[in-house]
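Please write a report on the fold and the annotated sites of this predicted model.

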Amino acid sequence: MKILKNQTLDQLLEQVDRQTDQQANQPEVEATVAGIISNVIQNGDDALRDYSRKFDKVELTDLRVPQSDIDAAYENADQDLIDALNLAKNNIVSYHKKEIQNGFVDAEQPGVVRGEKITPLAAVGLYVPGGTAAYPSSILMNVIPAKLAGVSKIVMVTPPQKNGIGQAVLTAAKIAGIDEVYQVGGAQAIAALAYGTQSIPRVDKITGPGNIFVAVAKKQVFGQVDIDMIAGPSEIGVIADDSANPREVAADLLSQAEHDKLARPMMVTPSESFAQAVSDQIDEQLKTLPREEIASASVENKGFIAVTDTLDEALTVMNAISPEHLEIELADAMQYLNQIQNAGSVFLGFNASEPVGDYVAGPNHILPTGGTARFFSPLGVSDFVKRIQFVTYSKAALKKEEKAITTLARVEGLEAHARAVESRFAD
Ligand SMILES: NC(=O)c1ccc[n+]([C@@H]2O[C@H](COP(=O)([O-])OP(=O)(O)OC[C@H]3O[C@@H](n4cnc5c(N)ncnc54)[C@H](O)[C@@H]3O)[C@@H](O)[C@H]2O)c1
Ligand SMILES: N[C@H](CO)Cc1c[nH]c[nH+]1
Ligand SMILES: [Zn+2]
């Protein structure tokens with residue numbers, strides 16, 4: 001892995017900035033995706049079949065996965081898989097239940113009642129990745145907060161596979177309780193959810209992670225629908241020093257590198273010797289990885305280890321990176337949590353290996369990438385609800401505030417605003 005050493009803090013921050021910019025601006029991908037979206041709007045299901053043939057090498061007739069396939073997958077599933085999915089489901093439910101908002105009613109001022117009611121979205125589309133790998137775990141992470149929010153229409157899309165959607169994916173769909181599944185992926189699936197086709201219903205919001213084409217497509221349909229965030233190619237940032245185990249740190253970095261050739265495995269450390277030890281371990285462990293080709297490309301093209309003068313500088317660089325996942329591999333790691341400003345999900349201590357969050361801990365693994373953890377949050381229950389505000393006034397309460405309202409209205413030159421309130425006291 002590339003080791004950046006003998007660099008000033010400003011030089012390191014400048015490199016992080018430049019890499020993040022690259023993530024955001026992909027002109028050639030933007031153009032490809034714009035063409036795909038336009039074609040799906042024009043040609044609906046036929047365009048979906050064309051792209052499935054072109055990108056996924058799959059000939060599709062029905063886009064919807066029959067319920068019988070979902071039921072059969074569950075019936076035939078390995079008990080270990082069912083047990084693991086149920087354990088994950090229980091932990092994800094118990095964690096996300098704590099996110100449920102209940103709105104409020106405030107009647108503190110005489111004659112005035114105001115408040116906020118929490119309303120589930122009517123229809124959401126969940127994107128579950130399935131190009132280079134299948135992600136049954138992403139089904140749970142997408143569906144559970146939507147169900148806890150009370151969304152009634154939940155539609156799932158996932159890429160078609162040559163011999164049908166994977167049995168583990170369908171088993172997870174059954175356990176998650178989703179029954180409307182369409183076998184289409186990529187930017188075309190995002191377009192179908194945003195605009196609707198003959199088979200796939202239009203939704204109000206699209207959530208879920210995906211590759212660069214999916215991430216850019218979600219960006220382009222924002223405004224036609226809402227989106228949860230830009231959850232693109234996976235990333236992991238590790239802050240570690242000599243108190244950590246280089247073999248374990250290398251293994252965690254590779255766990256995310258194997259997702260995508262564009263995945264970003266990154267470490268920042270104040271120890272040059274530890275940097276070298278981790279880099280050596282990465283080279284060693286890559287040799288036996290089944291997804292070595294993907295992980296090597298990620299390490300080569302997107303990975304780096306930055307050596308800083310101090311631990312404080314390491315925290316500053318990592319906050320600038322704003323990684324999707326941040327591991328703090330330091331003694332007494334919890335003490336550093338309050339210094340973390342930007343990250344999707346934080347893993348504290350030597351045993352909180354990032355895949356624990358991918359699968360079973362309970363927090364969501366659908367997380368912001370490409371530096372967007374500066375302003376996006378992990379997927380959660382709040383992504384599937386809207387807040388509706390309400391007020392009611394007695395005539396006496398309105399009279400009390402009439403002068404303030406009409407003064408402001410006339411300062412803004414909005415006479416009708418003033419007269420609307422004064423009309424209550426005309427007779
Ligand atoms: N950020 C997160 O929370 C999170 C969570 C899980 C996975 N991920 C990421 O999701 C991604 C999954 O990627 P994936 O590729 O395996 O599956 P994917 O489902 O995201 O994308 C596969 C689809 O991309 C389309 N496609 C492939 N090549 C294309 C091309 N050249 N032009 C246009 N469209 C093309 C195909 O139609 C295919 O169905 C990885 O980057 C992984 O790191 C992120
Ligand atoms: N680490 C991924 C998010 O970037 C989530 C995931 C799903 N399955 C395995 N990992
Ligand atoms: Zn992962």
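## Nonpolar cores

The largest nonpolar core of this predicted model has 39 residues, of which Val 124, Ile 139, Leu 140, Ile 178 and Phe 384 touch the most other members. A nonpolar core here is a set of buried Ala, Val, Leu, Ile, Met, Phe, Trp, Tyr and Cys residues joined through side-chain atoms within 4.5 Å. Buried means under 20% relative accessible area, exposed means over 50%, and partly exposed lies in between (1.4 Å probe, protein chains only). At least two residues of this core come from each of helix 3 (67–75), helix 4 (79–97), strand 4, helix 5, strand 5 and helix 6 (167–176). Helices (H or I, at least four residues) and strands (E, at least two) are DSSP runs numbered from the N terminus. The most is given by helix 5, with 7 residues.

Phe 384 is in contact (heavy atoms within 4.5 Å) with residues including Val 124, Leu 126, Pro 145, Ala 146, Thr 207 and Leu 379, leaving aside neighbours within four places in sequence.

Residues are numbered from 1 along each chain as its sequence is written, and chains are lettered from A and ligands numbered from 1 in the order in which they are written. In this predicted model local features need pLDDT of at least 70, side-chain atom pairs count only at pLDDT 80 or more, totals for chains, interfaces and linings use all residues, and side-chain values use heavy atoms, with hydrogens and water left out.

An open sheet is formed by 5 strands in the order 6-5-4-7-8, with parallel pairing. Two strands pair if DSSP finds at least two bridges between them. Strand 6 (180–182) and strand 8 (226–227) are at the edges with a single partner strand each, so one side of each has no neighbour in the sheet.

Strand 4 (residues 123–127) pairs in the parallel sense with strand 7 (residues 205–207) over 3 bridges, and Leu 126 has Thr 207 as its bridge partner in strand 7. Helix 5 (residues 136–149) packs on the sheet and touches strand 4, strand 5 (153–157) and strand 7; its direction makes about 165° with that of strand 4. For such angles, axes are lines fitted to C-alpha atoms, for helices over the stretch in contact, and values run from 0 to 180 degrees between N-to-C directions.

Strand 4 also pairs with strand 5 in the parallel sense, over 5 bridges, and the partner of Tyr 127 in strand 5 is Val 157. Strand 5 is largely enclosed by the rest of the structure, because 4 of its 5 residues are buried.

Strand 9 (residues 235–240) and strand 12 (residues 325–329) run parallel and are joined by 5 bridges; Ile 236 has His 325 as its bridge partner in strand 12.

## Annotated binding sites

In an unreviewed entry, UniProt annotates Tyr 127, Gln 188 and Asn 211 as "binding site". UniProt positions follow the numbering used here, feature names are shortened, and annotations may be inferred rather than shown by experiment. These residues are spread over 85 residues of sequence but cluster in space, with a largest C-alpha distance of 12.6 Å. The lining of the largest pocket includes Tyr 127, Gln 188 and Asn 211. On a 1 Å grid over the protein atoms alone, a pocket is an open set of points where a 1.4 Å probe fits, with protein on both sides within 12 Å along at least five of seven lines, and lining residues have an atom within 4 Å of a point. Gln 188, in helix 7 (residues 186–195), is buried at 2% relative accessible area, whereas Asn 211 is partly exposed at 33%.

The "binding site" annotation, from an unreviewed UniProt entry, also covers Ser 234, Gln 256, His 259, His 325, Asp 358, Glu 412 and His 417. They are spread over 184 residues of sequence and also in space, up to 56.2 Å between C-alpha atoms. Ser 234, Gln 256, His 259, His 325 and Asp 358 from this set are in the lining of the largest pocket. Gln 256 lies in helix 9 (residues 246–257) and is buried at 2% relative accessibility; its contacts include Ser 234, His 325 and Asp 358. His 259 is buried at 18%, and its contacts include Ser 234 and Asp 358.
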